[in-house]
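Subject: Structure handover

Hello,

Here is the structure for you to open. My notes on it follow below.

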Amino acid sequence: MQDDPILSIRNLTKKFGGLTAVDDFSLDVFPGEVVALLGDNGAGKSTVIKCVSGVHTPSAGAISFEGEVVHFSRPIDARTKGIETIYQDLALANNLDVPGNVFLGREVEKRYLGGLIRPLDNKFMLSETQQALSTLHVEIPSLQVPIETLSGGQRQAVAIARAVYWEARLMIMDEPTNNLGVPEQKKVLELINKLRERGVPVILISHTLPEVFAVSDRLVVMHRGRKVTEKKVSQTNSEEVVQYMVGALDDTRQTAPAE
Amino acid sequence: MAQPDPEAAAKAEFAAPKTRSTTDQIILSIIQVWAGVFLAILILVFVISIPLVSGSSVSFLTVRNSQNILVAITPILLLGLGQTFVIISGGIDLSVGWVMSFASVISALALREAYNAGLALPLAVVVGFGTAVIGSGFVGFLNGVIIAKLKVPPFIVTLGMSFIVRGAALLMSENTTVIGLPRGVRDYGNESLLYFIRGEGGGFYFFTKPEISGEMLRRMDRIISYPVLVTVIVVAISIFVLRRTKFGRHTYAIGGNREAAVRAGVPVDRHIIKLYMLSAATAGIAGFLSMLRFTAGSAVIGDPLLLSSIAAVIIGGVSLFGGSGSLVGTVIGSLIIAVLTTGLVMLNVQSFWQFIVVGAVVILAVLIDQSRDMIKNKIETR
Amino acid sequence: MRKLTKLGAVAALTVALSSGAALSQEMDGITIGFLPGVVDPFYQVMELGVNAAAAELGITVITQIPPTWGVEVQTPILDAMVARGDIDYLVIAPTDKDQMVGPLQNALEAGIKIITVDTFLGDGDYADGPVTFPLSYIGSDNVEGGRISARGLAKAIGGEGKVYINSTNPNVSSVEGRAIGFNEVMDNEYPDIEVIGLDFNLDDMNTAVQQTAATLERVPDLAGVFGTNVFSAQGAGTAVVNAGLGGAVQVVAYDATKFAIEQLREGVVSLVLAQKPFDMGYLAVSFAAADAAGVTSLPVRVETGFAIIDIDNVDDPEVARFIYQVPE
């Protein structure tokens with residue numbers, strides 16, 4: 001029996017002036033599944049993601065999260081609900097150390113003299129960060145250095161650990177393996193698998209099809225703002241997906257174009 | 001819930017931890033403390049050269065001289081203090097010098113009116129202090145709101161505000177100078193925590209100025225005068241706030257990656273408003289202290305100090321691009337400027353040379369800051 | 001020579017005043033621009049003098065006071081006044097004896113006659129000096145003021161010891177002259193007094209304190225300080241008092257502002273040299289009126305004199321009237 005969806009997008013449309021970036025898009029995401037969102041540049045993936053994470057407001061349609069219709073006007077609204085987005089540019093403060101980033105905006109303070117003096121509880125935040133990283137089996141030699149000294153993969157791990165620590169209910173990852181070396185890409189994919197094990201659903205945007213087939217349960221292909229197909233990964237292959245991505249195949253049309 | 005599988009815990013290694021060669025390590029440590037080293041060398045040069053040039057009885061390292069220098073840095077340091085926060089957050093406050101003048105005028109007016117209305121002098125001084133901090137804090141609030149909410153670049157806003165505040169200070173002052181302050185105000189600005197009389201019949205006196213006269217007065221050193229005491233307290237609190245509190249952490253975060261701070265839920269706009277209020281308020285304290293020191297409110301007293309204070313901040317290693325720097329650096333930067341003035345005068349060298357040295361040191365500071373990044377990059381790409 | 005010019009001034013003034021009623025008939029046409037150096041009590045008292053003479057003579061005065069001292073502030077205001085086209089005479093305190101020559105020459109070419117007050121152009125000798133186009137210089141002889149300050153300080157320190165000068169900016173005729181006169185007297189009349197140095201504080205009182213404090217360290221047996229304006233003296237006095245040397249090191253302040261008098265009563269400064277800015281303003285307007293009436297024998301240089309104020313005579317009404325009283 002299928003659970004209720006965590007995220008449910010119904011007939012989402014987003015227009016920018018005369019341009020329709022997303023057209024009547026619907027999608028359900030269930031607990032513990034990894035859904036890949038595919039499509040060429042400008043297919044509308046990013047716009048969908050930005051509507052879900054509160055960057056854009058939809059022109060039409062509804063987004064429900066955990067059974068409840070939501071209207072996000074700022075990214076922080078989505079975060080408060082538990083929707084974490086890991087952007088390509090990471091959204092980390094490079095000059096802060098690892099705990100500084102994990103706890104950014106939610107710092108833990110000690111209180112002295114009835115709250116008059118409130119230093120940061122760096123010890124607590126450090127040990128919590130260590131724990132969060134170790135549950136994800138991530139090892140970073142020193143946590144108390146500015147993260148600009150870390151590698152791209154390590155920083156990606158910090159971003160994921162932050163989301164996990166704050167009990168993300170849904171994780172959106174936009175090209176998480178971009179600009180990473182091969183061993184680091186593998187590590188990030190492992191982290192995605194760990195999220196799945198913990199029951200955290202993931203929406204993954206990627207251009208790397210082998211990666212998508214390696215970690216995803218389902219995939220959704222967009223073309224020119226519309227959803228052209230939605231398949232279980234086990235029921236398709238790279239070639240077919242590419243056909244959908246370039247618009248050669250389209251499930252919403254009654255018949256496939258003539259060969 | 002799926003527990004992490006211990007078997008799968010083949011802890012994947014990320015890129016090998018970076019190593020730094022010993023030479024780079026040494027260069028990096030020198031770069032980090034160069035301003036302090038420069039200050040030490042400067043003092044050493046003066047300690048050696050002053051007796052040679054001005055006679056063997058003249059010494060740079062005296063208690064009184066150290067106190068003179070501490071008194072001299074108070075305005076530069078207080079202006080540089082708030083500026084350090086603002087620059088770390090990626091902004092700049094060009095209005096601090098004029099806010100200081102403004103605060104000097106309004107606190108003098110308030111103190112005088114409060115005293116004339118029958119308030120006891122200590123209370124009138126408190127009224128003056130409150131007026132300086134609240135009045136200049138309000139100016140900072142305006143700066144912050146326009147910068148954070150209306151998205152006007154800080155450079156423009158604070159430049160415009162400095163003209164407004166300057167005009168207000170000149171209009172409110174009586175012919176640039178507010179006089180007629182009660183007797184005794186001088187003591188608040190010039191007396192000190194501790195007195196030491198050198199030589200015969202001497203010793204330490206706490207809190208109360210010894211009743212002495214004539215030749216003995218010459219042997220008396222004022223140690224930690226009240227303006228210095230107030231500055232030390234403000235600096236200590238600020239260092240704590242910047243290094244150890246959420247406020248400081250957010251300041252660095254906004255300077256490092258403002259967008260990340262917004263996405264992480266840091267109330268960035270409100271924080272920026274607070275930063276400009278802080279900057280203006282410390283300038284206000286500087287204005288208040290100089291009002292006590294000179295027993296008069298002056299609508300021009302802070303005008304020449306803006307550039308010195310920014311120089312102190314940059315010499316101290318705060319990056320103008322935001323995100324990095326410390327208050328200890330600003331303290332050292334201020335000290336370098338004050339030590340130069342005093343030392344050059346004691347060498348009987350025209351003190352205009354001070355500007356040339358300070359200018360060179362500012363440029364050197366930026367060069368060193370850049371080479372620090374270059375060495376870091378070199379290590380990363382190794 | 002000096003006597004002559006003083007006599008000339010008195011004569012001109014007498015002409016102007018005695019025929020005031022008659023002049024005012026003819027004076028309806030003339031307009032005087034008044035452009036002092038900076039907003040401060042000295043110039044505000046001068047403005048009182050300007051306005052008093054103008055009221056008596058029925059002359060229109062247009063006053064513009066620069067907010068800060070400097071060529072770059074004064075010149076645009078000057079140009080704007082010239083551009084009005086209705087000003088016949090300009091009473092101005094040039095903020096630089098060299099740099100203001102050009103702008104004022106432009107004013108002259110626009111048909112405005114120039115009278116300089118307090119500060120002058122060139123060397124101040126409008127008869128034979130490098131600059132001769134202004135009608136007249138009316139002010140204190142700042143060199144003489146420096147001499148008087150030197151004699152006052154020498155007397156206060158008993159004719160021997162080391163003294164130091166703290167000044168504002170270089171190349172300003174007023175403070176430069178004060179230092180020159182001061183040095184001259186110390187060199188010629190007081191062989192036992194040594195002037196050990198001069199520092200420029202660039203109009204920053206904090207710097208004045210620091211420079212004087214450092215000088216006291218360098219020269220522990222310093223006997224006196226000459227502050228060439230109120231703020232220099234105030235900064236110097238603060239350093240002296242804080243070094244426990246109040247009363248032991250004498251400080252002379254130039255200009256009898258109420259602030260300077262307050263500092264005198266507080267013991268921060270020991271002597272105050274009062275100039276006579278009211279007379280300067282009054283005379284300048286009278287000269288303009290006389291010139292307009294066709295008087296051709298106006299002196300090119302008039303010195304208005306000084307009064308020395310110390311703690312003993314500050315309450316004497318004869319002396320106290322020289323304190324710069326500005327209406328609030």
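Chain C first. Its secondary structure comes to 12 helices and 12 strands. Helices (H or I, at least four residues) and strands (E, at least two) are DSSP runs, numbered from the N terminus. Chain C has a radius of gyration of 20 Å, close to the 20 Å that the globule rule gives for 328 residues, so it is as compact as a globular protein of that length. That radius is taken over C-alpha atoms, and the globule rule is 2.2 Å times the number of residues to the power 0.38. The C-alpha trace of chain C spans about 60 × 40 × 40 Å along its principal axes.

Before you read on, some ground rules. This is a predicted model, where local features need pLDDT of at least 70 and side-chain atom pairs count only at pLDDT 80 or more, while totals for chains, interfaces and linings use all residues. Residues are numbered from 1 along each chain as its sequence is written, chains are lettered from A and ligands numbered from 1 in the order in which they are written, and side-chain values use heavy atoms, with hydrogens and water left out.

**Domains of chain C**

The domain assignment gives domain 1 (2-140 + 276-305) and domain 2 (143-274) in chain C. Such bounds come from an automatic or database domain assignment. The two centres, taken over C-alpha atoms, are 30 Å apart. In contact are 13 residues of domain 1 and 11 residues of domain 2. Contact means heavy atoms within 4.5 Å.

The two domains bury about 890 Å² between them, and carbon and sulfur atoms give 49% of it. Buried area is the accessible area (1.4 Å probe) that two parts lose on being put together, summed over both. One salt bridge is counted between the domains. A salt bridge is a side-chain nitrogen of Lys or Arg within 4 Å of a carboxyl oxygen of Asp or Glu. The side chains of C:E176 and C:K97 form a salt bridge at 3.4 Å, N to O. On the side of domain 1 that touches domain 2, four residues are nonpolar, three polar and six charged. For these classes, Ala, Val, Leu, Ile, Met, Phe, Trp, Tyr, Cys and Pro count as nonpolar, Asp, Glu, Lys and Arg as charged, and the others, Gly among them, as polar.

**Chain C against chain B**

There are two pairs of chains in contact, and chains B and C share the most contacts. Here 42 residues of chain C touch 43 residues of chain B. About 3,700 Å² is buried between them, 53% of it on carbon and sulfur atoms. In chain C, C:Q210, C:E217 and C:R218 lose the most area to chain B, together 19% of what that side buries.

One salt bridge is counted between chain C and chain B. The side chains of C:E266 and B:R183 meet in a salt bridge at 4.0 Å, N to O. On the side of chain C that touches chain B, α8(C) gives the most, with 10 residues. That side divides into 22 nonpolar, 11 polar and nine charged residues.

**Chain A**

Chain A comes to eight helices and 10 strands. Its C-alpha trace spans about 75 × 40 × 40 Å along the principal axes. No contact joins chain A and chain C, and their closest C-alpha atoms lie 35 Å apart.

Best wishes
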